[in-house]
Amino acid sequence: MSWDGPLFDNHMHIDPRNGRGLDAVRDFHRAGGTHLMLVGKTARDWGIDARDVPSFLLAYERTLGLARDINEETPVTAYAAVGYHPSEMTGIAEACGVAYALELGFGLLDVWERLYDEGRITAVGEVGRPHYPVPEAVWEASNEFMQACLSFSKRSGCPVQLHTEHFEEAQFAEVGAMIAQAGHPPGIVKHFCPPFPDLARRNGMTASVVASREAVVRALATGEPFLMETDYIDDLTRPGAVLGPKTVPKRTLSLLDSGELDREMCWRIHAELPERVYGVDLSAP
Ligand SMILES: [Zn+2]
């Protein structure tokens with residue numbers, strides 16, 4: 001079945017230093033992809049040992065430069081997101097103390113607000129809490145910072161992509177309560193979300209579901225729209241660690257073909273929902 005509408009990958013890392021860079025984006029385009037959320041890699045991936053706000057800014061500039069390159073040198077539209085990955089916060093907490101890691105996060109909130117106001121980023125991400133066990137003090141600081149990120153989103157209007165541990169119903173409810181406490185910011189996206197977009201929505205989040213066939217088919221069964229992502233990491237030393245860059249357009253087109261996805265839902269997933277969450281216009285060149 002032909003589809004000439006947008007096809008959006010909500011969470012891609014592109015890494016010209018350690019991966020295929022723009023060639024991966026061109027693969028995405030050849031498969032039918034049109035728009036992507038470029039989620040900045042960690043400062044370490046850029047070769048920067050970031051321990052303070054200025055060094056994070058350096059890493060952010062690399063991500064913003066890469067988004068510009070994608071927009072100028074390929075037919076794909078890239079939106080940029082920068083953040084403070086939970087693994088970065090954990091590493092800095094180990095090296096410099098939990099209080100320092102948390103203060104640094106608060107300092108980054110001001111940077112994000114400025115970048116968002118200047119129209120240089122479309123979202124903040126990824127931020128949240130680690131998906132692996134950490135000392136109690138780090139866990140508490142991560143939760144405090146996640147709450148601050150939710151309030152930041154409410155205050156600034158900037159959407160936020162959350163990275164968390166695996167979610168079951170209890171975690172949806174717990175983070176849902178934190179979102180309510182922040183005043184229900186509308187742009188909270190659960191990255192790597194299990195295929196329950198209805199449950200996510202009831203708890204104040206938009207689900208971003210990994211584009212495996214099984215997950216997408218399950219998510220479609222709820223009748224609730226969701227975002228699709230690969231979490232492509234573009235790292236030549238970890239081939240096959242994640243879904244490849246073509247996966248979102250390929251999966252979408254094959255489900256359209258088989259009739260498991262109808263055109264109206266396809267439009268809601270790849271145009272309406274991203275436009276509503278991120279305030280972008282996917283029909284714009
Ligand atoms: Zn990611």
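Q: What spacing do the donors of the zinc ion follow along the chain?
A: In this predicted model, the donors of the zinc ion follow the spacing H-x1-H-x112-E-x104-D. His13, in the loop between strand E1 (8-12) and helix H1 (22-30), and Asp231, in the loop between E8 and H9, link distant parts of the chain, being 218 residues apart.

Q: What makes His11, His13, Glu126 and Asp231 count as coordinating the zinc ion?
A: The donor atoms, NE2 of His11, NE2 of His13, OE of Glu126 and OD of Asp231, lie at 2.1 to 2.5 Å, and the cut-off for a donor is within 2.8 Å of the metal.

Q: Why is the arrangement of the four donor atoms around the zinc ion called irregular?
A: The donor atoms subtend angles of 86 to 174°, whereas a tetrahedral assignment requires all angles to lie between 85 and 135 degrees; the arrangement is therefore irregular.

Q: Why are His13 and Asp231 called buried?
A: Buried means under 20% relative accessible area; His13 has 6% and Asp231 has 13%, so both count as buried.

Q: Why is Thr230 called buried?
A: Its relative accessible area is 1%, which is set against a limit of under 20%, so Thr230 counts as buried. Thr230 is found in the loop between strand E8 (227-229) and helix H9 (247-258).

Q: How do you know that the side chain of Thr230 makes a polar contact with the side chain of Asp9?
A: The pair is at 2.7 Å, and the cut-off for N or O atoms is within 3.5 Å. The side chain of Thr230 also reaches the backbone nitrogen of Tyr232, at 3.2 Å.

Notes. Residues numbered from 1 in each chain as written. Predicted model: local features only at pLDDT ≥ 70, side-chain atom pairs only at ≥ 80, totals over all residues. Heavy atoms only, no water. Helix = DSSP H or I, 4+ residues; strand = E, 2+ residues; numbered from the N terminus. Buried < 20%, exposed > 50% of the residue type's maximum accessible area, 1.4 Å probe, protein only. Polar contact = N/O pair within 3.5 Å; in protein donor to acceptor, adjacent residues only side chain to side chain. Donors = N, O, S within 2.8 Å, 3.2 Å for Na, K, Ca; no water. Tetrahedral: all angles 85-135°; square planar, octahedral: opposite > 155°, others 65-115°.
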